[in-house]
Structure formats: structure tokens, C-alpha cells
Amino acid sequence: MVFRNPAESTLFCEFDAVLSADFWPALCALAQLHGDDRIQLLVLDPDGDSYYAPEYNMYPATSIALTSSANEYWEVISEEPSGDDTGAIVFSAEAIALTGVSGEWECWGERSF
């Protein structure tokens, strides 16, 4: 649990802020700081096998290039599989992980307390 032993460089922010276009520049800066050219996003909860695959025939994971705009980031996380907004990451994700290929940084997001 991140609140028990936060690392020296641990930062906290609101979950919904991470899943917004406004947060894209901060993610890009973090990735660039560590030499990454892409950001990987994975939804951890709900589970891909039990929720996303049977409901939407997809897994909630993506790799986004840093050359993407904030609007393109928003398009990815708000995409409605088969036109169903309940499958959009921004609305359905309860826990997410973001990282760069370097493995030097990560963001954990959880909607619940």
C-alpha cells in the first residue's frame, strides 16, 4: 500500500485527474525524464478476462506515443467499445497502472480509498 511506505519521490493526485486530457502533459514529462517515448496503460480492475473480454471483446491495455496530443490521449481512454460507454476506460476502470518502457517510473491509480 503506497500510503504505508511512500518512496522519497512519491506524489499523490486525484484518480480522475489521471484519466483526463489535462494530465497528459504531466505523464509525458515523467516519461521524457526517464527517456521513454511511449506510455503503457493497463486497467487492473475490473479484470480483463472476466469483464472486458466477454463484454467488449477487448482487453483494457494500450501503449500511447509521447507524440500524441492530450486530445488523442482522451480519445484512447474514453473510447467506447462497440459504442457502449460503460466499456470506456475513463468510466469503467477502478484500478490502473501506467509506466514507461524503461521501468524507471510508474503510476498506480485506484478509484476507491
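A residue counts as buried when its relative accessible area is under 20%, as exposed when that area is over 50%, and as partly exposed in between (1.4 Å probe, protein chains only). The structure here is a predicted model, in which local features need pLDDT of at least 70 and side-chain atom pairs count only at pLDDT 80 or more, while totals for chains, interfaces and linings use all residues. Numbering runs from 1 along each chain as its sequence is written, and side-chain values use heavy atoms, with hydrogens and water left out.

First, the overall picture. The chain has five helices and four strands, where helices (H or I, at least four residues) and strands (E, at least two) are DSSP runs numbered from the N terminus. Along the sequence they come in the order α-α-β-α-β-α-α-β-β. Of the 113 residues, 35% are buried. A contact means heavy atoms within 4.5 Å; among contacts in the chain with a separation of 6 or more, 62% are between residues 24 or more positions apart.

Helix 2 shows how burial can be arranged. Its residues W24, L27, C28 and A31 are buried. Seen down the helix axis, the buried residues of helix 2 fall within an arc of 100°, so they line one face; the arc is that of the directions from the helix axis to the C-beta atoms. The buried residues pack against strand 1 (38-45), strand 2, helix 4, strand 3 (95-100) and strand 4 (106-110). Just after helix 2, G35 has a positive phi of about 80°.

Next come the aromatic rings. Rings of Phe, Tyr and Trp (its six-membered ring) pair if their centres lie within 6.5 Å, with planes under 30 degrees apart called stacked, over 60 edge-to-face and the rest tilted. That rule gives four aromatic pairs. In one of them, W24 and Y73 have ring centres 4.8 Å apart and planes at 20°, so the pair is stacked. This pair links distant parts of the chain, with W24 in helix 2 and Y73 in helix 4 (residues 70-77), 49 residues apart. Both W24 and Y73 are buried. Y51 is partly exposed at 26% relative accessibility, whereas Y56 is buried at 7%. Y51, Y52 and Y56 belong to one aromatic cluster.

What about charged side chains? A salt bridge is a side-chain nitrogen of Lys or Arg within 4 Å of a carboxyl oxygen of Asp or Glu, and the whole structure has two. D16 and R111 form one of them, at 3.0 Å from N to O. D16 sits in helix 1 (residues 15-18) and R111 in the segment after strand 4, 95 residues apart. R111 also bridges to E94, with the closest N and O atoms 3.7 Å apart. E94 lies in the loop between helix 5 (89-92) and strand 3, so this pair ties together parts that are 17 residues apart in sequence. Shared partners join D16, E94 and R111 into one network. D16 is partly exposed at 43% relative accessibility, as are R111 at 29% and E94 at 32%.
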